[in-house]
Amino acid sequence: MAWFLVIILALIWGTSFILIKKGLVVYTSDELGAWRITIACLTLLPFAIKHIRQAEPRHWKFLLGSGLLGNLIPAFLFAYAETRLASGLAGVLNSLTALFTLLVGAVFFHQAITWMRMLGIIIGIAGTSVLIFSGGENTNMENTMYGLYIVLACICYGGSVNIIKHKLQGLKPFVMSSLALLTVGPMALVYLLTTDALNKLQHTPGAWEALMYIAILAVFSTAVGLVLFNKLIHISTTLFASSSTYLIPIVALMWGVLDGETIHLWHYVGMVIILVGVFIVNRAK
């Protein structure tokens, strides 16, 4: 069952990057980000309402922090990055979350960090440099620099994970996630209403199809993925659950290649270096 859940999670989260790409065919990056968080919030709204009393007053500022860093900001950053960056490469760079979780914990939450884990972080950053700044002769450096937006999103994810770990331990993960989305969902909805997104549904060909991809992204990557991950944690260990980190880039690259994206040899080299760094960070004591 544990291995089955790891594979399903890798498929769900590895597919999210191609879904972003499909949504961007019609919607701008900010419209996509707003759609994604709004739909995700509505998906988990019944659970948030049911469990809202479990959150104490002291929890809400940290729920807002987690909602911003773990959901709202990355949703916009990933969408913006993929306006110029291949979805497969975006999936590979997402693996950096494990490294930045450790770094943010060390810098802001006084968590001890061993020399082996520091080595893993350095290797991961080196792999990121190879992936972003290397490619074929026709590689557009301006486009590849958009990978830095995903690096920033991974830093946000690292901050959110540490907030959850150190400030929201009194709440169950599923309750915490639904309430964190509740804090940022209204912001996304209000912003969505200021854009041209709703008008596109009426007048732009393909708008409903693009929204379908975004809805699948929001429902499965957020709601279903969250439930499955919590189940995986329950029946195994956090270390085993992190196994999906190594499979997500493979799935993302597969979708990218199937969609006609060109992945150069140095991109694969960068991916391997990043995953080696992530492996060292996860296994080192």
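Q: Rings of Phe, Tyr and Trp (its six-membered ring) pair if their centres lie within 6.5 Å, and the planes count as stacked when under 30 degrees apart, edge-to-face when over 60 and tilted otherwise; how many aromatic pairs does a search of the whole structure find?
A: The search finds eight aromatic pairs. The model is predicted, so local features need pLDDT of at least 70 and side-chain atom pairs pLDDT 80 or more, while totals for chains, interfaces and linings use all residues. Residues are numbered from 1 along each chain as its sequence is written, and side-chain values use heavy atoms, without hydrogens and water.

Q: Why is the aromatic pair of Phe17 and Phe78 called tilted?
A: The centres of Phe17 and Phe78 are 5.9 Å apart, with 50° between the planes.

Q: What makes the pair of Phe17 and Phe78 a tie between parts of the chain?
A: Phe17 belongs to helix α1 (residues 2–23) and Phe78 to helix α3 (residues 60–81), so the pair ties together parts that are 61 residues apart in sequence. Helices here are DSSP runs of H or I with at least four residues, numbered from the N terminus. Both Phe17 and Phe78 are buried, a term for under 20% relative accessible area, against over 50% for exposed and values in between for partly exposed (1.4 Å probe, protein chains only).

Q: How do you know whether Tyr80 and Tyr149 are stacked or edge-to-face?
A: Their planes stand 80° apart and their centres 4.9 Å apart. The angle is over 60 degrees, so the pair of Tyr80 and Tyr149 is edge-to-face. This pair joins distant parts of the chain, with Tyr80 in helix α3 and Tyr149 in helix α8 (residues 147–167), 69 residues apart.

Q: Why does Tyr80 count as partly exposed?
A: Its relative accessibility is 33%, which lies between the limits for buried and exposed, so Tyr80 is partly exposed. Tyr149, at 31%, is partly exposed by that rule.

Q: What makes Asp259 and Lys22 a salt bridge?
A: A salt bridge is a side-chain nitrogen of Lys or Arg within 4 Å of a carboxyl oxygen of Asp or Glu. The closest N and O atoms of Asp259 and Lys22 are 2.9 Å apart, so the pair qualifies. Asp259 sits in the loop between α13 (244–258) and α14 (265–283), and Lys22 in helix α1, 237 residues apart.

Q: Are Glu31 and Lys200 buried or exposed?
A: Both residues are buried. Glu31 and Lys200 form a salt bridge, with 2.8 Å between the closest N and O atoms. Glu31 lies in helix α2 (residues 29–51) and Lys200 in helix α10 (residues 197–203), 169 residues apart.

Q: How many salt bridges does the structure hold?
A: It holds five salt bridges. One of them joins Glu56 and Arg58 at 2.8 Å between the closest N and O atoms. Salt bridges that share partners also join Lys21, Lys22, Asp259 and Glu261 into one network.

Q: Which helix gives the most to the nonpolar patch?
A: Helix α13 gives the most, with three residues. The patch consists of Ile7, Leu11, Leu247, Ile250 and Met254 and has about 420 Å² of accessible area together, by the Shrake-Rupley method with a 1.4 Å probe and only the protein chains shown as cover.

Methods: Helices (H or I, at least four residues) and strands (E, at least two) are DSSP runs, numbered from the N terminus. Patches are made of residues with over 30% relative accessible area and no salt bridge: like charges are joined within 9 Å, nonpolar side chains (Val, Leu, Ile, Met, Phe, Trp, Tyr) within 5 Å.
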